[in-house]
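Hi everyone, and thanks for coming.

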Amino acid sequence: MSAGHFDWMVERGYAVDANRYSFAGLDNSLWRKLMSAPDTLRQRVVLALSEIFVISMNGLPVQWRGLMGAAYLDLLEQHAFGNYRALLEAVTLSPGMGVYLNMRGNQKEDTKTGRVPDENYAREVMQLLTIGLVQLNADGSPKLGSDGKPADTYTLTNITDLARVFAGWDYDGASATDPAYVKKPMVNNPARFATGAKKVLGVDIPATADGPAAMKTALDTLANHANVGPFLGRQLIQRLVASHPSPAYVARVAAVWANNGAGVRGDLKAVVRAALLDPEARTVSTAPSAGKLREPVLRLVQWARSFNAASPTGVWNIGDTSNPATRLGQSPLRSGSVFNFFRPGYVPPGATLGTNAVTAPEFQLCNESAVAGYLNFLQTAIASGVGEVKASYAAELAPVADPPALVANLALRLGGGGISAATESAIATAIATIAATTDAGKLNRVYAAILMLMAGPEYLVQK
């Protein structure tokens, strides 16, 4: 594994007082890992987890915020192939999540002032990180109540109860003087912890339980809920394989979540393996609901990895790619809210997907501005790089005199067999019109072939 985000930022000199209130260095490290770390699958899973267990640079108004984001990504990397219950606790007690969803500094109720514990994390840990809004069958389909509508998983009272469990937590160390606090799990201050008996989804927590003991009961209860496997398993399938997995696919992955074959629940390595090696993941489907729109970030990362992009000084200065008109419309760890860049249940309106109720989350980022911005950004990146990050096309220049061979090779590597013969032929015919009698002409052929492939629907929709 390459150096962790926090350590890399310290080694590169970003942990200085001038950066106390900035994110300097964080984007650099994010792109460094995504584009060059040798543990490619782990980085892919970390990106997926960062879009489920969301914190964002847009919501960290604290000291050493850049290092806080770095430490959070290190945490996700550490637990990416570990156990979900351990990941849930690490996320819950991380200073990054504590700041982002207001659990850090949460205090017990005060009847004199009317203060009540903050409910933000209590709500989102159930809605987004564990059980979701509605009760689910093992295949991810909603359970229906007597009125024929999906049955809720929790009530407002459940949120209020859980908020009391999450009172009293704060940083372990001084935030003003030492940035190392961002790496330490939060600790509980008994004076701020809510007294008396508590409940989590109907499970009693006795008044004798202190903050850590109460949290353990709460997280155990949530992690063992029957919803977790189908709710989060489906989202991992969406992030890694397909936007609209079949109920049977979800059920198979949820079964592995419940039991990895050795009686262990929540084994993320086994769950990821099940998602990636499922028959639906290994077979090209012709169904209209098959596949997924590639996230903009993943398109850029694939370009970088496919063509050995490198940063000569190791600074990886790609920066923020959030602007949809001029860049990607998406940038790692820069979601606009805790609900990620796109919702897992998003169905594009006014289209065939919408008519057929097909979930296609990434399409929530897709509009006229974003499409044009991506193409313009990509065209520049292919030819000139981004910042000092530039690709090498030595291998692609070898077959440049044979356009069909060049395109076939690129199509296989970029499209994984999903580019049709007709599309390959059309692109080969187009690039053949570019004279390849000079070094510049040869490179222009390569640039054009890559751009046309990565602009095409057969590439953009991965099946």
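Predicted model: local features only at pLDDT ≥ 70, side-chain atom pairs only at ≥ 80, totals over all residues.

Let's begin with the charges. Side chains of opposite charge can pair when their charged atoms come close. How many salt bridges does a search of the whole structure find? The count is 19. I'll pick out a few of them.

Have a look at helix α5, which covers residues 84–92. Both E89 and R85 sit in this helix, four residues apart, and that is about one turn. They form a salt bridge, with 2.9 Å between the closest N and O atoms. Are the two partners buried or exposed? E89 is partly exposed, at a relative accessible area of 33%, while R85 counts as buried, at 16% relative accessibility.

E396 forms a salt bridge with R413, and their closest N and O atoms are 2.7 Å apart. E396 belongs to helix α17, residues 394–397, and R413 to helix α18, so this pair ties together parts that are 17 residues apart in sequence. E396 counts as buried, with a relative accessibility of 4%. R413, on the other hand, is partly exposed, with a relative accessible area of 33%. There is also a network to find on your screens: E51, R239, K292, E295 and E362 are joined into one by salt bridges that share partners.

D17 forms a salt bridge with R20, where the closest N and O atoms are 2.4 Å apart. R20 counts as buried, at 16% relative accessibility.

R20 is also one of the residues in contact with R65, once we leave aside the neighbours of R65 within four places in sequence. You'll find R65 in helix α4, which spans residues 65–79.

The largest pocket holds about 1,200 Å³ of space. Its lining has 40 residues, and the closest to the centre are L240, V241, R294, Q462 and K463. Several elements give two or more residues to that lining: α3 (40–50), α13 (279–282), α14 (296–306), α18 (403–415) and the strand β6 (461–462).

Finally, the backbone angles. N102 is not a glycine, yet its phi is positive, at about 70°. You'll see N102 in the loop between α6 (95–100) and α7 (120–127), and at 35% relative accessibility it counts as partly exposed. W316 is not a glycine either, and has a positive phi of about 50°. This residue lies in the loop between α14 and α15 (352–355). Is W316 buried or exposed? W316 is buried, with a relative accessible area of 8%.

Terms used
Residues numbered from 1 in each chain as written. Heavy atoms only, no water. Contact = heavy atoms within 4.5 Å. 1 Å grid on protein atoms, 1.4 Å probe; cavity = no way out; pocket = protein on both sides within 12 Å on 5 of 7 lines; lining within 4 Å. Points joined across faces, edges and corners; volume = space filled by probe spheres on them. Buried < 20%, exposed > 50% of the residue type's maximum accessible area, 1.4 Å probe, protein only. Salt bridge = Lys/Arg side-chain N within 4 Å of Asp/Glu carboxyl O.
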